Amino acid sequence: MYQTLTLTRDNKVATVTLNRPDVRNAFNETTIAEITQVFNELSSDNSIRAIVLAANGPAFCAGADLNWMKKMADYTHAENLADAGQLAAMLSAIYTCSKPVVAQAQGDCYAGGMGLVAACDVIISVDTAQFCLSEVKLGLIPATISPYVIKAMGENAARRYFLTAERFDAAQALRIGFVHEVVGADALTAKVAEIVKALVTNSPNAVAQAKVLVRDVGGREITPELIANTVEGIAVIRASEEGREGVRSFLEKRKPSWLS
């Protein structure tokens, strides 16, 4: 069904795996279209509670494919706008997906590959992974991925790594907050499974709304308008079907219906 990735489903969990190991899972226009498509479809799939974004081979994603970059070198401004728009749509499809997305970074993440993981909700990295925002070495800037990368690592760290294009290791990625946890290669799958297990036991509606809450509240000044929005948010979800069921099941000391 897909040329550049695989999709598997197992007990309410979908795993999207980048599958171009011969080019270090670098993406081209086909990869971008397929990732956008699969995340849009999974977002509306009620049988899925969580998504894992993984990759085959030694690298997670090396950024843009060289052959794709050769074509871009001769693009007009209009063609570059359209091309960048497709990349932005892919990142947005991951970031706004109604399902929680866990990045399983088993190897290096360079340039656009860092954008891919930054768009995910939880990032688990192997301890041997290297990270690099290499765009300025090519006379470019990480513009399209910047909203997600800056949210993940913060403005101060982004100022350094956007400008220097230094490589940094997984321990540094953890220190600056770009990844949530770093583990050895032999523990990576188990750690991701642990995170996924926590996600799928929670209320699907509450998880989806919690994602929206973080997007809506993060970085905003605490104003009367924001406070009113959060008051409205809790009032709405308390009256929702899953909100009522969750409270009832807790008080009645039983499992909620979404675990049955």
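Select Lys191 and Glu181: the two form a salt bridge, with their closest N and O atoms 3.3 Å apart. A salt bridge here is a side-chain nitrogen of Lys or Arg within 4 Å of a carboxyl oxygen of Asp or Glu. Lys191 sits in helix α8 (residues 188-200) and Glu181 in strand β10 (residues 181-183), so the pair ties together parts that are 10 residues apart in sequence. Helices (H or I, at least four residues) and strands (E, at least two) are DSSP runs, numbered from the N terminus.

Before moving on, note that this is a predicted model: local features need pLDDT of at least 70, side-chain atom pairs count only at pLDDT 80 or more, and totals for chains, interfaces and linings use all residues. Residues are numbered from 1 along each chain as its sequence is written, and side-chain values use heavy atoms, with hydrogens and water left out.

Now colour by accessibility. Lys191 is buried, at a relative accessible area of 15%. Glu181 is partly exposed, at 28%. The cut-offs: buried means under 20% relative accessible area, exposed over 50%, partly exposed in between (1.4 Å probe, protein chains only).

Glu194 is partly exposed, at 47% relative accessibility.

Next, select Asp45 and Arg9. Their side chains meet in a salt bridge (2.5 Å, N to O). This pair links distant parts of the chain, 36 residues apart: Asp45 is in the loop between α1 and β3 (50-55), Arg9 in strand β1 (residues 5-10). Asp45 counts as buried at 18% relative accessibility. Arg9, at 48%, counts as partly exposed.

Then select Glu245, Arg248, Glu252 and Arg254. These residues are linked in a network of salt bridges. How many salt bridges does the structure hold? The count is 11. Side chains of opposite charge can pair when their charged atoms come close.

Switch to cartoon and show helix α1 (residues 29-43) with helix α3 (residues 77-95). Their axes come within 9 Å and cross at roughly 30°. Axes are lines fitted to C-alpha atoms, for helices over the stretch in contact, and angles run from 0 to 180 degrees between N-to-C directions. That angle makes α1 roughly parallel to α3. Angles under 35 degrees count as roughly parallel, over 145 as roughly antiparallel, 65 to 115 as roughly perpendicular and the rest as oblique.

Show side chains at this crossing. From α1, pick Ile32, Ile35, Thr36, Phe39 and Asn40; from α3, pick Gln86, Leu87, Ala89, Met90, Ala93 and Ile94. These residues make the contact, meaning heavy atoms within 4.5 Å. By class, the contact has 8 nonpolar, 3 polar and no charged residues.

Follow α3 onward to Thr96, in the loop between α3 and β5 (101-105). Thr96 is partly exposed, at 39% relative accessibility.

Last stop: Gly154, in the loop between α5 (146-153) and α6 (155-164). Gly154 is partly exposed, with a relative accessible area of 25%. Draw one more distance, to Pro21. Gly154 and Pro21 are 30 Å apart in space, C-alpha to C-alpha, and 133 residues apart in sequence.

Technical notes
Ala, Val, Leu, Ile, Met, Phe, Trp, Tyr, Cys and Pro count as nonpolar, Asp, Glu, Lys and Arg as charged, and the others, Gly among them, as polar.
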